[in-house]
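Please find below a set of numbered points on the model.

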Amino acid sequence: MDEDLLSIGAFAARARLSAKALRLYDRLGLLPPARVDDLTGYRYYRAGQVERARLVALLRQLDMPLARIAEVVDAGDGARAADRLAAYWADVETRVAGQRTLAEYLRGRLSGRSSEMYGKFVVDTVDVPEQVLITETRHTLADELPAWIGASLDRLVEAAGDCGGVTGAPFVAYHAEVSAESDGPAEACVPVSDEAAARRWAQGAGAARGARVRVEPAHRLARTRVTKAQVAHPQILAAFEAVEEWMAAEGLSASGPCREVYFADWDAAGPQDPVCDVAFPVTGR
């Protein structure tokens, strides 16, 4: 046997890990042994694998997914590995910031301070004329939603040039809840002027993405205006709930899917600039 090889017990002692952990890392493809005896199945490691074993163990303490651990330990040089770790940790901090905001929102609901949150939103109504819409629909979870909204609305606005042009603010209608566990669907919509041209486009260039054309009747929207910062989850939940509470107080009922109406240039807007109306089609007095 190669004298440089260490038994799993000796290697575990050097790496300050258990043999159980080393077997797990082997099974996960993160730290395969240098040699496995064909007859006994015993695992043997090289001393040079100690640093990798310790690194894997430390990265697992960060709750790093296995695929991301593999990216770090296989990076090839220290600077690249450090960059990949930094990118992962930036993602963690973004997620934790969102969870912190959600926790504060839930504390407000559980402690009965919902009315304070809702009072930050001014709700009114607006009449919307009949609109011809070109649309894309997708089942999507909350983490994928922002990217899909941006991409789908960009596609539809570009396509509107073949449909007589854009005649109103693009919006996204939610036909069912979109959350971490519920996937909608959501429908991206752009109003256009030429129904016949829109139907030709939907049957031609739009067919690859399942685009549709529908005519939405004239209706009234109950709405509140939110800033770019407030569009983020869960702040936007409070906006939807504020509109629902106002509707109930006014004796109004929802007559269609809730929606986000994007009336401003998202990329040019700052965090405190109004960009979107959170709205419900309504009927009633």
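Notes on the model

1. Tyrosine 88 is buried, with a relative accessible area of 6%; buried means under 20% relative accessible area, exposed over 50%, and partly exposed in between, with a 1.4 Å probe and protein chains only. The model is predicted, so local features need pLDDT of at least 70 and side-chain atom pairs count only at pLDDT 80 or more, while totals for chains, interfaces and linings use all residues. Residues are numbered from 1 along each chain as its sequence is written, and side-chain values use heavy atoms, with hydrogens and water left out.

2. Aromatic pairs. The structure holds four of them. Rings of Phe, Tyr and Trp (its six-membered ring) pair if their centres lie within 6.5 Å; planes under 30 degrees apart count as stacked, over 60 as edge-to-face and the rest as tilted. One of the pairs is formed by phenylalanine 11 and tyrosine 45, which are stacked at 4.5 Å centre to centre with 10° between the planes. Phenylalanine 11 belongs to helix α1 (residues 8-15) and tyrosine 45 to strand β3 (residues 43-46), so the pair ties together parts that are 34 residues apart in sequence. Helices (H or I, at least four residues) and strands (E, at least two) are DSSP runs, numbered from the N terminus. Both phenylalanine 11 and tyrosine 45 are buried.

3. Another aromatic pair joins tyrosine 88 to tryptophan 89, and this one is tilted, with 6.4 Å centre to centre and 55° between the planes.

4. Packing of α1 and α3. Two packed helices are described by the angle between their axes and the distance between the axes. For α1 and α3 the angle is about 65° and the axes are 9 Å apart. Axes are lines fitted to C-alpha atoms, for helices over the stretch in contact, and angles run from 0 to 180 degrees between N-to-C directions. The crossing of α1 past α3 is right-handed; a crossing is left-handed if the near helix is turned anticlockwise from the far one by less than a right angle, and right-handed if clockwise. On the α1 side Phe11, Arg14 and Ala15 meet Val50, Ala53 and Arg54 of α3, where contact means heavy atoms within 4.5 Å. The residues of this contact divide into four nonpolar, no polar and two charged. Ala, Val, Leu, Ile, Met, Phe, Trp, Tyr, Cys and Pro count as nonpolar, Asp, Glu, Lys and Arg as charged, and the others, Gly among them, as polar.

5. Packing of α3 and α4. The axes of helix α3 (residues 50-60) and helix α4 (residues 66-73) come within 10 Å and cross at roughly 140°. That makes α3 oblique to α4; angles under 35 degrees count as roughly parallel, over 145 as roughly antiparallel, 65 to 115 as roughly perpendicular and the rest as oblique. α3 passes α4 in a right-handed crossing. Arg52, Leu55, Val56, Leu59 and Arg60 of α3 make the contact with Leu66, Ile69, Val72 and Val73 of α4. Of these residues, seven are nonpolar, none polar and two charged.

6. Positive phi. Arginine 16, in the loop between α1 and α2 (19-27), has phi near 60°, a positive value in a residue other than glycine. Arginine 16 is exposed, with a relative accessible area of 64%. Aspartate 63 sits in the loop between α3 and α4 and has a positive phi of about 60° although it is not a glycine. Aspartate 63 is exposed at 68% relative accessible area.

7. Cis peptide. Which bond is cis? The peptide bond from glycine 184 to proline 185 is, with omega near 25°. Proline 185 lies in the loop between β6 (171-174) and β7 (186-192), and glycine 184 is found in the loop between β6 and β7. At 12% relative accessibility, glycine 184 counts as buried. Leaving aside neighbours within four places in sequence, glycine 184 is in contact with His139, Thr140, Ala176, Glu177 and Val178.

8. Valine 157. This residue lies in helix α7 (residues 145-159) and counts as partly exposed at 38% relative accessibility. Not counting residues up to four places away in sequence, valine 157 touches Val166, Pro170 and Val190. Valine 157 and valine 192 are 35 residues apart in sequence and 9.0 Å apart in space, C-alpha to C-alpha.
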